[in-house]
2 protein chains.
Amino acid sequence: MNYSCSRYELKCNECGKRFGNQPLSACPDCLAPLEITYDREAARHLFTKENIAAGPANIWRYAALLPIPDGFQPDLPVGFTPLVRAKNLGKRIGAANLYVKNDAVCFPTLSFKDRVVSVALANAQKFGFDIVGCSSTGNLANSVAAQAARLGLKATILVPADLEPAKILNTLVYGARLVRIDGNYDHVNRLCTQIADEYAWGLVNVNLRPYYAEGSKTVGYEIAEQLGWRLPDNVVVPMAGGSLIRKIRKAFNELIYLGLVEEKPVRFFGAQASGCSPISVAVKEGTDTIEPQRPNTIARSLAIGNPADGPAAAKMIRSSGGWAEDVSDVEIVSGIQELAETEGIFTETAGGVTTAVTARLYADGRISANETTVTCITGNGLKTTDALIGRYQQERAVRPRLADFDAYLRELDGITELELTTAGAL
Amino acid sequence: MNYSCSRYELKCNECGKRFGNQPLSACPDCLAPLEITYDREAARHLFTKENIAAGPANIWRYAALLPIPDGFQPDLPVGFTPLVRAKNLGKRIGAANLYVKNDAVCFPTLSFKDRVVSVALANAQKFGFDIVGCSSTGNLANSVAAQAARLGLKATILVPADLEPAKILNTLVYGARLVRIDGNYDHVNRLCTQIADEYAWGLVNVNLRPYYAEGSKTVGYEIAEQLGWRLPDNVVVPMAGGSLIRKIRKAFNELIYLGLVEEKPVRFFGAQASGCSPISVAVKEGTDTIEPQRPNTIARSLAIGNPADGPAAAKMIRSSGGWAEDVSDVEIVSGIQELAETEGIFTETAGGVTTAVTARLYADGRISANETTVTCITGNGLKTTDALIGRYQQERAVRPRLADFDAYLRELDGITELELTTAGAL
């Protein structure tokens with residue numbers, strides 16, 4: 001397979017100046033973030049339904065609109081996660097056309113961060129970095145550590161000191177150097193910005209950020225393709241830094257521009273935890289100004305108090321006719337349980353946020369029952385099991401004899417005599 | 001998509017008697033296990049490379065040789081996990097053509113059990129069971145609970161009382177009834193056999209076992225297809241009950257019979273933990289008689305002391321020219337780390353067993369460097385994190401200032417002056 005991609009380069013969002021390709025995330029003149037721009041006319045010939053369908057069942061089928069260097073040969077089958085029709089959850093929350101985009105089973109490390117990391121590391125290798133890294137609330141740490149190991153790159157990863165044990169272990173096991181920082185994510189991230197200036201390291205979400213962020217577009221491409229090349233009415237997206245929701249919109253816009261889907265209005269809904277809700281507060285107050293918060297929530301993967309893309313995300317959400325909502329820690333846990341009990345999908349706390357917010361949006365009438373809505377689950381529940389500890393009581397162990405088992409079932413609530421007497425009915 | 005499958009029914013391995021389709025696992029006459037038999041001539045027309053390629057990227061592309069009821073519409077995109085070329089691990093253990101079949105990222109619950117459960121539950125629904133269940137060492141519990149939730153079936157799941165916390169939580173979260181049994185897996189399983197006789201329940205690995213076990217064949221189909229429709233020289237497979245390794249062989253034989261691959265000798269290698277190695281002991285001693293063991297190993301998902309398919313697995317391994325090996329708990333942990341550090345794949349203890357055994361087979365010259373070998377990773381490391389606790393020391397937290405970070409790195413082993421002074425070199 002030839003992974004042809006369109007020509008691309010860095011461009012300042014503000015002044016429009018172009019910078020070729022280099023590890024740089026902000027315009028030296030106006031300090032605005034840089035973004036990747038493509039030769040869209042070249043893309044028109046490469047990025048077609050036919051070419052995409054002929055590609056592999058992973059994100060590299062969309063290579064023509066990803067910033068990957070010439071001659072790049074993808075090493076891992078990242079992404080192309082299931083878009084699951086969520087009839088059971090829908091029934092519970094009054095949604096007739098609900099879909100779950102399930103990145104809880106993203107390859108290789110079970111979160112949507114695998115998408116961005118694979119694109120960032122392709123560029124890290126091209127730029128000649130031997131050491132890569134990131135600031136992370138956990139999922140990014142796991143993904144950088146795993147993919148760097150596979151590519152033979154050294155990884156140094158900075159995290160807030162209080163990160164969940166499973167996410168710490170799931171970084172160390174790959175042989176990465178993990179540095180715990182005495183502070184929250186915003187402290188870690190500021191430090192990483194300084195590190196990127198001082199060290200010759202490729203930090204995927206700092207000096208490689210423009211490349212990295214483009215990987216998120218693949219969530220949008222997959223949603224559209226898996227819906228049969230059409231756009232949904234609504235998308236519900238968890239927000240940490242505010243980048244993912246914007247990139248899904250960018251993906252949809254590219255698909256419209258290139259004629260792969262029909263143009264239609266899509267409303268974007270952002271989901272946050274009430275304990276860290278700077279973007280949702282801004283949306284609710286009708287402003288694009290983000291008031292930074294000090295995070296205090298179990299949804300640690302969303303705990304970014306001063307989100308880099310917050311202003312742009314708030315603006316985009318409102319202009320789409322969407323909304324943002326935030327939910328308490330108790331609702332987050334209920335959201336995790338509800339998604340598991342109805343659809344058999346075990347998500348981490350961030351997915352509990354998204355599920356609970358989705359339910360709230362239907363309950364409040366912000367989304368109507370018959371609209372087509374995709375809710376984005378971005379990580380796996382096995383990474384944040386501590387959030388559920390204490391929610392389930394440990395039942396006593398039963399002796400391995402049928403009489404004891406019978407007696408035990410009769411003790412339990414919910415066991416019916418009917419259930420015990422229909423043996424042999426089949 | 002029309003999921004056409006060939007006609008199939010239960011048949012006794014021993015006396016050849018046929019039983020149609022019903023929840024039954026052993027021949028009432030000779031007590032031998034029942035197996036599914038297909039109309040292979042019908043399969044010849046349905047099970048073709050072209051039809052398979054036109055199918056979805058999941059196990060249902062192989063529906064023509066799976067026992068799924070007429071009119072079955074698959075609900076979940078199970079399986080079709082990556083077959084990863086393992087160059088780094090290969091370099092470390094002297095294997096030039098090594099592949100990892102990575103069911104650590106199997107959809108939906110991150111183990112190969114998702115394959116068997118989806119086939120079993122399709123039949124449970126057809127037979128009219130409202131309650132399903134299983135005896136389990138963990139992965140099966142997770143998969144039954146999740147898929148039953150999605151299908152709207154009630155689940156009752158029996159496990160040994162000492163199961164890993166993550167596997168218990170990852171069962172309860174789906175709303176399943178979990179019963180902890182005071183004993184090891186063999187006790188649990190005996191009890192489940194009695195339950196299947198007494199209750200009108202569909203126990204996937206008891207009265208639905210013949211249907212269930214066929215799901216494992218999809219690992220073999222995928223390996224062959226992902227190698228470009230050819231068979232490997234060797235396959236290394238973890239063994240608990242001894243079913244998976246036999247079903248991979250069955251899949252290969254079907255592919256040969258139908259002409260989808262060229263016939264060639266494939267050697268099968270079984271992997272066990274030394275703390276529960278009844279099959280590997282039998283293979284080493286050149287016998288098909290299994291001496292039951294009392295399990296004592298951290299690889300709890302392989303801790304079956306009296307494996308149902310043990311005799312047949314031992315016989316098959318030896319007749320293929322393969323071998324079986326077992327490794328200590330220390331080697332299991334090293335195996336987990338080695339696979340993570342080289343290929344970025346985090347597997348559970350069973351995968352540590354398989355990786356360590358694979359290394360041993362190359363070291364002992366039982367597999368030669370240039371042969372094509374597939375090693376089967378069957379579950380995810382996030383389910384058995386307790387096996388690694390204490391292997392990594394918690395480093396002190398660092399203040400979020402560049403000077404502190406610099407000082408910290410200089411303190412650590414492995415940081416070079418070079419690394420700190422090459423800033424700006426790019």
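Mentor: What follows is a short talk about the chains and how they are arranged.

Mentor: This is a predicted model, where local features need pLDDT of at least 70, side-chain atom pairs count only at pLDDT 80 or more, and totals for chains, interfaces and linings use all residues. Residues are numbered from 1 along each chain as its sequence is written, chains are lettered from A and ligands numbered from 1 in the order written, and side-chain values use heavy atoms, without hydrogens and water.

Trainee: How many helices and strands does chain A have?

Mentor: Chain A has 16 helices and twelve strands; these are DSSP runs (helices H or I, at least four residues; strands E, at least two), numbered from the N terminus.

Trainee: And how much of chain A is buried?

Mentor: Of its 426 residues, 63% are buried, meaning under 20% relative accessible area with a 1.4 Å probe, protein chains only.

Trainee: What about contacts in chain A?

Mentor: Counting those between residues at least 6 apart in sequence, 70% join residues at least 24 apart. Contact means heavy atoms within 4.5 Å.

Trainee: New topic. How is chain B laid on chain A?

Mentor: A turn of 180 degrees and a shift of 0.0 Å along the axis do it, with an RMSD of 0.0 Å. The two copies are thus related as by a two-fold rotation axis. The superposition is by least squares on C-alpha atoms of residues with pLDDT of at least 70 in both.

Trainee: Why do the copies meet through the same surface?

Mentor: Because 100% of the interface residues of chain B are also interface residues in chain A.

Definitions and conventions: Buried < 20%, exposed > 50% of the residue type's maximum accessible area, 1.4 Å probe, protein only.
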